[in-house]
Every structure is written in structure tokens, then in C-alpha cells.
Amino acid sequence: MATDVVAPSRSRAGLAIAAAIAATVPALTVRLGGLHPEPLIAAVIFGIAVIGAAFMLAWAAEVVQLDISAGLALALLALIAVLPEYAVDFVFTWKAGKEPARYAPDALANMTGGNQLLIGVGWSMVVLIAAYRMRVRRRATGEPVPPRSAGGTDVGLSRTHSVEIAFLVLATIYGLTLPLHRTLTLWDAALLVAIFGWYIARVARAPAETPHLVGPARAIGTLPTTNRRVVVVLLFLGAVIAILLCAEPFAESLVETGEHFNIDDFVLISLVAPLASEAPELLVAGLFAWRLQTDAGLGALVSSKVNQWTLLVGTLPIVFAISSSSLHGLPIDAVQREELFVTAAQSVYAVSVLANLRISVTEASTMLGLFMVQLVTKLPLFEPIHATARISVGCVYLVLAAVIIFRNRAAIRPLMRDGLKTPYSALASD
């Protein structure tokens, strides 16, 4: 498969890879050495290790696209990209199967926090960075800078991304029912995993594309074939080993830190853990936006949202059932239902915005602003109004979404038809 990689500075790429590997060393030393640092210190050490491993995984996952078929690459990358988040969520869910009273409230924390971060920061970041770069480039070339109202700095997606958006619509519609549940059941798992399976079957028909590689992934991609494959395998193995060894102590240290400082476990986990697991993906998307490769950057984040909102949520009841040796659903308490509501409402707003395959600076700023409100009101200082804030922000998302859906109503049916039925050859020809 051909590639558009351009040889970057090997020394800088080597330093980045070395830094990611070095980030895992203290945590592996602590874990394998049987050491027991203070909870806060342990959370920092293991959190940094998860970040380092996630970067290694992200680089390897990008480069592996050069060596495997398009369909297999999509299926594999869908699983790999969110492995750090899966690992942390699975730890809490497995423990919830053994000790429901203590760990069930934390089982969905990382998932909801990660989903909210992905849209609130990730999607908005791509648009805002790209808009800034567009303005800078136009000023440098002497082009007139159109006003925002004219859409000159909007970020658009190619028609092929209708597929991801259409499946995100399906997942979001079902996601709106989850806050009404008392448990996340195997029936929920079956439906969500089925949507994911349908999605993978659909995208597997996509024609092979030249992967867009940036940073260390570009450097690895320019290596001779044998050397490249060896590096990719070593990065995969190193990242997986680090994640498997560090996910559980990272999760435990977050719980113990919350208990030590009297901070609600759910709040702490939903704020901190996603920062570690989502960091590489957000950085790569930001680099794409800086280079004005917005279709690649935003498209990757939309695809990741589909994976998290279907496969990740769907596998949690399965893990719980195996751990508890029962068919009982994963318990969902009041706080989790509120977080599921605001996560689903945010997703409704996001897909309504993308119904016309474009996001404006105003819409991106709204995403970021509402996410920041969620973030601030989760702090312990605002504990008395946590529930009210969650419900209020969720309602704001839904009201704004209703307005946008009405405005873009003519685009919805073509979007769903393109996403679920139209052949890729027709989508790509547009």
C-alpha cells in the first residue's frame, strides 16, 4: 500500500518514542517491585504510564495500516484505539462483579468521562485550531478573511464520513434510553455490540486509503519494511504489557485518592482517567487540525466516538456477568444515570450539528463551553448542585439539538441513506 509519509526528523521522533517508553518505567518498577507508594503518588505514576503506553499504542496502530488490508485495519484499529480506556473500565466492572456496593458506581465513570471529553474537547479543538490556522494562512497570503457567519472557517467532513455519523445516530438514539435503566443488561450489550458489528461490516467495504501519518508514526512509516514491522510489534507488545500491569493499580489508586481526600470516586475517575486514555488521540487530532487535515482529524474522533458508544458500553455488562457468575445487569445508580443522560444529550447535540457534515466555530465553541460548565460543576466545591448541573446541561444540549435538527431537517434523511445504504464508490465520487 502506498503512503504519503514524509521523512521527519528521526532524532525528534526517537526522543518522543523514548519518552513514551520511559514514562512506563517508574510504574512497572513499582508494580513488579511490589512497592506501595501513597495513593496520590501512585495515581500519578500509573497515570503517566497509561499515557505513555497509549502513545505507543497510537503510533503502532497508525503505522500498521501500511501492512494490512483496509477492512482488517478498520476492525483492528477500532479495538486498539481505545484499549487504555477499555482496560480501566474493565477493571472497575470486574471488581463491581465481586464487590457491587463498592465498585459498581465507578464502572461507568471512565466511559462517560471519556465520551464527554472526546466531543467537548476533541471535536471542538479540531474546529477551533483549524479556524485559527485558516485565518492565519489567509492573512499571510493577503486573502480576505470572511466573517464567521459566512462559514469561511467551518470544518467539513467528506461524504464518506456519513457512515460514522449515521451509526453514531443509531447508537445515540439507543443511548438516550440508558438513563431510564436501573441496570445495564446483556440485552443492552447485545444491541450495542450488534450496532458495532454492523458498523464494522459497513466500513470494511471502504476502499483502501493512503494513511495520514504524523509525528513519530511518520518516522516509523519511512523505515524499511522489516524494521518497520519489528518496531510496530515491539511498540504493541510494550504498550499492551504496560496497560495490563498498570490499569488495575491506576484504577485502585484513584479510588484510594478519592477516599483520602474525601472526593467522590465517580467524579474523580470521570475527570482524571479519561485524560490519560484519550491524550494521544486528542494530540494526533490536534496535529491534523494544525496542518489543516481536518477531514482526517475530525473523522478519526467521530469514528472513536462510535466505538466507545457501542462496543465499549456494550461489553461492560458482559464483563460484569462473567465476573459475578450471573446474568444480572451492571447496576446503575442515580449519579450514573445522570451522567449517562448528559453524555447521551451531548451526543444528540453533536450528531445534530454534523447532520450537514459541517461544524462551525460557534457550534464548536458551544461544545467546548458546555463541556467546561460540566467540568467545573463536577468539582467538590459544587457538590450540592452536582445533580442539578448535570440535568441542566443535558437539557441545554437537547434544546440546542432540537433547534439544529429543525434547521437541518432536510439533510437528515440523505445522511442516513448515505451512511447505511449508499455504496462507498458513490460516496467517494462526490
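User: Which residues have the most contacts inside the largest nonpolar core?

Analyst: The largest nonpolar core of this predicted model has 122 residues, and helix H2 (residues 39–63) gives the most to this core, with 13 residues. Leaving aside neighbours within four places in sequence, Trp 123 is in contact with residues that include Leu 168, Leu 298, Ala 350, Ile 359 and Met 367. The residues with the most contacts inside the core are Trp 123 and Ile 359.

User: Which elements are included in what covers the buried residues of H14?

Analyst: The buried residues of H14 are Val 361, Glu 363, Ala 364, Met 367, Leu 370, Phe 371, Gln 374 and Thr 377. One of them, Met 367, is also in contact with Trp 123. The cover over these buried residues includes helix H6 (109–141), helix H13 (334–353), strand S4 (358–359) and helix H15 (386–407).

User: Is Glu 363 buried or exposed?

Analyst: The side chain of Glu 363 meets that of Arg 407 in a salt bridge, at 3.0 Å from N to O. This pair links distant parts of the chain, with Glu 363 in helix H14 and Arg 407 in helix H15, 44 residues apart. Arg 407 counts as exposed because its relative accessibility of 51% is over 50%. Glu 363 has a relative accessibility of 11%, which is under 20%, and therefore counts as buried.

User: How many residues apart are Arg 358 and Asp 154?

Analyst: The side chains of Arg 358 and Asp 154 meet in a salt bridge, at 3.8 Å from N to O. At 35% relative accessibility Arg 358 counts as partly exposed, whereas Asp 154, at 17%, counts as buried. The pair links distant parts of the chain, since Arg 358 belongs to strand S4 and Asp 154 to the loop between H6 and strand S1 (155–156), and they are 204 residues apart.

User: Which helix holds Asp 418, the salt-bridge partner of Arg 159?

Analyst: Arg 159 and Asp 418 meet through their side chains in a salt bridge, at 2.9 Å from N to O. Arg 159 is partly exposed at 24% relative accessibility, while Asp 418 is buried at 8%. The two are 259 residues apart, Arg 159 being in the loop between S1 and helix H7 (162–175) and Asp 418 in helix H16 (residues 409–420).

User: What distance separates the C-alpha atoms of Ser 352 and Ile 412?

Analyst: Ser 352 lies in helix H13 and counts as buried because its relative accessibility is 2%. Leaving aside neighbours within four places in sequence, Ser 352 is in contact with Ala 401, Ile 404, Ile 405 and Asn 408. Although Ser 352 and Ile 412 are 60 residues apart along the chain, the separation of their C-alpha atoms is 8.6 Å.

Definitions and conventions. Residues numbered from 1 in each chain as written. Predicted model: local features only at pLDDT ≥ 70, side-chain atom pairs only at ≥ 80, totals over all residues. Heavy atoms only, no water. Core = buried A, V, L, I, M, F, W, Y, C linked by side-chain atoms within 4.5 Å. Buried < 20%, exposed > 50% of the residue type's maximum accessible area, 1.4 Å probe, protein only. Helix = DSSP H or I, 4+ residues; strand = E, 2+ residues; numbered from the N terminus. Contact = heavy atoms within 4.5 Å. Salt bridge = Lys/Arg side-chain N within 4 Å of Asp/Glu carboxyl O.
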